[in-house]
Amino acid sequence: MEDKYLQEITDAVLKELRKFEIVTPEIFSSLYQQKAKELNLIDKIDIKELSSESVLNKYYKLQEVTKENVEFLSENASKAKEAIKNRDESLLNDVHSKMESLMEKISKLQKQVYLDELTKIYNRKYLFEEVLDQDYFKEDGIITFIDLDKFKVINDNFGHIVGDKVLSLTAKMLSEIKESDVIRYGGDEFIVVSKLDKKKVEKFFKNLIASLSKKSFKHQDKKFKIGFSYGIEEFKKGDSFSTIVEKVDEIMYEQKRRKKEKEQNLEVA
């Protein structure tokens with residue numbers, strides 16, 4: 001259970017850190033404790049024990065070791081294929097079949113390393129290792145930055161179990177877009193990296209928001225709605241991720257600001 005609390009605090013901290021150009025250990029430590037208090041999780045974990053041997057760090061080390069082992073097996077499987085080329089055809093076919101099976105298992109293991117445990121979509125690790133090279137995009141594409149509206153209100157009013165279901169449902173809806181990688185960036189933030197035309201991506205999100213606006217979700221005797229704001233931007237191979245994210249972030253927050261103004265005007269009316 002502690003892993004879940006650590007993940008929740010970490011997601012909140014990562015979201016906040018995007019506002020800083022430079023992050024010192026003091027800033028990170030202060031934010032970690034601040035977010036733990038805001039999320040009412042300060043009593044769930046021992047902040048003082050967040051050392052190199054913490055649950056979070058052990059989990060990260062396990063991911064790294066798993067990925068290294070996968071790369072090692074993959075490399076040696078290729079060497080093994082080359083080494084058996086001069087064997088008889090029957091044995092070659094048998095070994096080849098076993099190698100294919102092994103490579104399939106390795107591929108599944110690689111996917112697990114890049115999988116967000118809650119939503120079953122890609123995680124930040126996938127983004128920074130497969131989509132980006134250092135801070136730069138490996139290919140051309142379209143990026144959409146998504147942030148759920150009033151997610152904290154849902155968590156506060158209905159509990160984290162309902163909040164988790166909302167995140168999973170959001171991930172499922174976003175995964176319906178074709179030719180795209182859907183990534184949980186942190187907390188209630190998602191990134192969609194697409195190879196589609198920008199107009200098609202915009203149409204998908206406009207249709208999704210329109211569809212959600214007509215739906216209500218219920219927990220016990222209370223109803224609530226799910227909504228999100230987003231920003232879309234094109235990028236080219238070699239573009240800086242930080243620069244592009246700053247642009248889509250501004251677009252997304254402008255959309256949130258307009259929604260808030262509209263709600264306030266309706267209340268006054």
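Predicted model: local features only at pLDDT ≥ 70, side-chain atom pairs only at ≥ 80, totals over all residues.

Biologist: How many salt bridges does the structure hold?

Modeller: Each one needs a Lys or Arg side-chain nitrogen within 4 Å of an Asp or Glu carboxyl oxygen. By that rule, the structure holds 10.

Biologist: Where in the chain do R184 and D116 sit, and how many residues apart are they?

Modeller: R184 and D116 form a salt bridge, with the closest N and O atoms 3.4 Å apart. R184 is in strand 4, residues 180-186. D116 is in the loop between helix 4 (89-113) and helix 5 (124-131). The pair links distant parts of the chain, and the separation is 68 residues.

Biologist: Are R184 and D116 buried or exposed?

Modeller: Buried means under 20% relative accessible area. R184 has 10%. D116 also has a value of 10%. Both therefore count as buried.

Biologist: E129 and K125 meet in a salt bridge. Which of them is partly exposed, and which is buried?

Modeller: The N to O distance is 3.2 Å. The two residues are 4 apart in helix 5, so about one helical turn separates them. K125 has 11% relative accessibility, so this residue counts as buried. E129 is at 26%, so the partly exposed one is E129.

Biologist: What separates R257 from E254 along helix 9?

Modeller: These two form a salt bridge, with the closest N and O atoms 2.5 Å apart. R257 is partly exposed at 39% relative accessibility, and E254 is partly exposed at 29%. Helix 9 spans residues 241-268, and the pair is 3 residues apart there, which means a separation of about one helical turn.

Biologist: Which element gives the largest share of the largest nonpolar core?

Modeller: That core has 28 residues, and I146, V166, I177, F205 and F228 touch the most other members. Elements giving two or more residues include strand 3 (141-148), helix 6 (151-158) and helix 8 (198-213). The largest share is 6 residues, from helix 7.

Biologist: T170 lies in helix 7. Is it buried or exposed, and what is it in contact with?

Modeller: The relative accessible area of T170 is 2%, so this residue is buried. Leaving aside neighbours within four places in sequence, its contacts are L148, F190 and I226.

Biologist: What accessible area does the nonpolar patch of F20, V23 and F28 have together?

Modeller: F20 is in the loop between helix 1 (2-17) and helix 2 (25-38). Its relative accessible area is 35%, so F20 is partly exposed. On the surface, F20, V23 and F28 together have about 230 Å².

Notes
Residues numbered from 1 in each chain as written. Heavy atoms only, no water. Buried < 20%, exposed > 50% of the residue type's maximum accessible area, 1.4 Å probe, protein only. Patch = residues over 30% accessible without salt bridge, like charges linked within 9 Å, V, L, I, M, F, W, Y side chains within 5 Å. Areas by Shrake-Rupley, 256 points an atom, 1.4 Å probe, with all protein chains shown as cover. Core = buried A, V, L, I, M, F, W, Y, C linked by side-chain atoms within 4.5 Å. Contact = heavy atoms within 4.5 Å.
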